Amino acid sequence: MEKILHQFFEFERLEEALPFGNGHINDTYKISLLQKGVTHHYLLQRLNDKIFQQPDAVMENVQLVADHLSKKEYPLFILKPFKTKKGALLFRDEKENYWRVFNFFENTISFDKVESTTQAFQAAKAYGCFVKTLSDVKINQLNTTIPDFHNSKKRMSDFLMATKKGLPERVAEAKNEIDLILRHEYLFKKINQLNLPLRAVHYDTKINNVLFDKTTKKVVAVVDLDTVMPGTLLSDFGDMVRTFTSAFDEDEQDFLKVKIRVDIYEALSEGFLSEMGSLLTVQEKENLPVAGSWLTLMQAVRFLGDYLQGDSYYKIKYPDHNLVRAKNQLALFQSMQQ
């Protein structure tokens with residue numbers, strides 16, 4: 001680790017390196033370096049190039065976003081990458097791992113679940129402010145870091161193939177869930193026919209990608225910029241609705257508990273629209289209410305499709321794990337529809 005850090009900094013001593021956060025994609029460490037007699041903290045991260053297959057394109061986006069936000073009257077702290085001594089944004093080690101370093105935000109905390117309407121409002125307002133500040137970014141300058149990430153047409157096509165070529169016993173077991181998805185396929189077709197403007201969107205608007213001040217409990221930063229790329233506003237708003245409004249995570253097996261919390265939905269809507277409301281097109285305004293259902297159904301499709309094909313994408317802890325996740329998301333979807 002010292003060898004990696006020496007690619008970025010001069011320092012007298014590596015004082016501490018601790019695993020940091022609950023991320024499932026990249027390996028992250030909080031680093032304490034003694035530099036000129038003073039301890040400084042940084043985030044060291046190994047970028048998962050199996051998920052992000054074009055690491056340089058990811059970092060070009062991250063740098064572009066950081067530079068753009070820095071030139072604006074942006075009220076939050078900005079996640080900024082450090083360059084190596086050779087001027088690169090990534091260091092590739094002898095094992096072909098990609099490493100990068102970011103600034104560390106002191107006295108901050110993140111949450112895995114939304115705990116109050118105040119928290120939902122603040123986080124959604126922060127995401128709204130983030131997208132608003134990036135609203136004049138030239139879209140053609142942003143790389144697509146994960147192709148077809150929220151392409152529900154392709155997700156549905158892959159799902160239909162899974163129902164035909166998946167494991168027969170699993171296809172039979174999941175008949176009710178498959179039928180439910182097929183009955184609501186019209187939602188995907190509706191979204192696909194919309195001519196919504198492309199914007200620079202975050203694409204991963206979970207509550208744990210917003211940092212709060214430990215003392216004041218106010219939002220101080222929007223982080224995890226790897227998925228920032230061209231997309232529609234429905235992706236950011238929909239993923240907030242999907243992940244903010246359920247009081248339980250995707251692994252909850254008591255599906256009767258899984259339902260939309262209307263007060264959280266109203267709070268996040270108010271927070272997001274307080275920043276983005278004036279910038280929305282008529283079509284965006286008209287279709288914002290279905291964004292949560294769209295994203296939640298798409299996630300159910302992804303979980304169930306993976307289950308039918310033998311669990312080749314998502315990590316599982318038991319054989320029916322992906323089926324449970326799919327049923328969980330379908331319960332949330334039906335609650336949203338009601």
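**A chat about helices and a few residues**

Tutor: Let's start with Ser-110, which is partly exposed, with a relative accessible area of 35%. Keep in mind that this is a predicted model.

Student: OK, and where is Ser-110 found?

Tutor: Ser-110 sits in the loop between strand 7 (108–109) and helix 3.

Student: Which residues is Ser-110 in contact with, leaving aside its neighbours within four places in sequence?

Tutor: Those are Asn-208, Val-210 and Leu-211. There's also Asn-209: its C-alpha atom is separated from that of Ser-110 by 7.3 Å, though the two residues are 99 apart along the chain.

Student: Which residues in helix 9 are buried?

Tutor: Ile-264, Ala-267, Leu-268, Ser-269, Gly-271, Phe-272, Glu-275 and Met-276 are.

Student: And what covers the buried residues of helix 9?

Tutor: The cover includes helix 3 (117–133), strand 8 (199–201) and helix 8 (233–244).

Student: Tell me about helix 8 and helix 9 then. At what angle do their axes cross?

Tutor: They cross at roughly 155 degrees, and the axes come within 10 Å. Angles over 145 degrees count as roughly antiparallel, and therefore helix 8 and helix 9 are roughly antiparallel to each other.

Student: Is that crossing right-handed or left-handed?

Tutor: Helix 8 and helix 9 make a right-handed crossing. On the helix 8 side, the contact is made by Leu-233, Phe-237, Met-240, Val-241 and Phe-244. Helix 9 brings Ile-264, Tyr-265, Leu-268, Ser-269, Phe-272 and Met-276.

Student: How many residues of that contact between helix 8 and helix 9 are nonpolar, polar or charged?

Tutor: Ten are nonpolar, one is polar and none is charged.

Student: New topic: Glu-284. Buried or exposed?

Tutor: Glu-284 is buried, because its relative accessible area is 0%. This residue lies in helix 10 (residues 282–287).

Student: What does Glu-284 touch, not counting residues up to four places away in sequence?

Tutor: Glu-284 touches Leu-196, Pro-197, Arg-199, Leu-233 and Leu-279. You've met Leu-233 already, as part of the helix 8 contact with helix 9.

Student: What about Gly-292, where does that one lie?

Tutor: Gly-292 lies in helix 11 (residues 291–308). This glycine counts as buried because its relative accessibility is 2%, and buried means under 20%. Not counting residues up to four places away in sequence, Gly-292 touches Gly-238, Val-241 and Met-336.

Student: How do helix 11 and helix 12 cross? At what angle?

Tutor: The axes of helix 11 and helix 12 (residues 321–337) cross at roughly 160 degrees and come within 8 Å. That makes helix 11 roughly antiparallel to helix 12. The crossing here is left-handed.

Student: Which residues make the contact between helix 11 and helix 12?

Tutor: From helix 11 they include Gly-292, Ser-293, Thr-296 and Leu-297, and from helix 12 they include Leu-332, Phe-333 and Met-336. The residues of this contact divide into eleven nonpolar, seven polar and two charged.

Student: And how far are the C-alpha atoms of Gly-292 and Leu-332 separated; what's the number?

Tutor: They are separated by 9.7 Å, with the residues 40 apart along the chain.

Note on methods. Residues are numbered from 1 along each chain as its sequence is written. This is a predicted model: local features need pLDDT of at least 70, side-chain atom pairs count only at pLDDT 80 or more; totals for chains, interfaces and linings use all residues. Side-chain values use heavy atoms; hydrogens and water are left out. Buried means under 20% relative accessible area, exposed over 50%, partly exposed in between (1.4 Å probe, protein chains only). Helices (H or I, at least four residues) and strands (E, at least two) are DSSP runs, numbered from the N terminus. Contact means heavy atoms within 4.5 Å. Axes are lines fitted to C-alpha atoms, for helices over the stretch in contact, and angles run from 0 to 180 degrees between N-to-C directions. Angles under 35 degrees count as roughly parallel, over 145 as roughly antiparallel, 65 to 115 as roughly perpendicular and the rest as oblique. A crossing is left-handed if the near helix is turned anticlockwise from the far one by less than a right angle, and right-handed if clockwise. Ala, Val, Leu, Ile, Met, Phe, Trp, Tyr, Cys and Pro count as nonpolar, Asp, Glu, Lys and Arg as charged, and the others, Gly among them, as polar.
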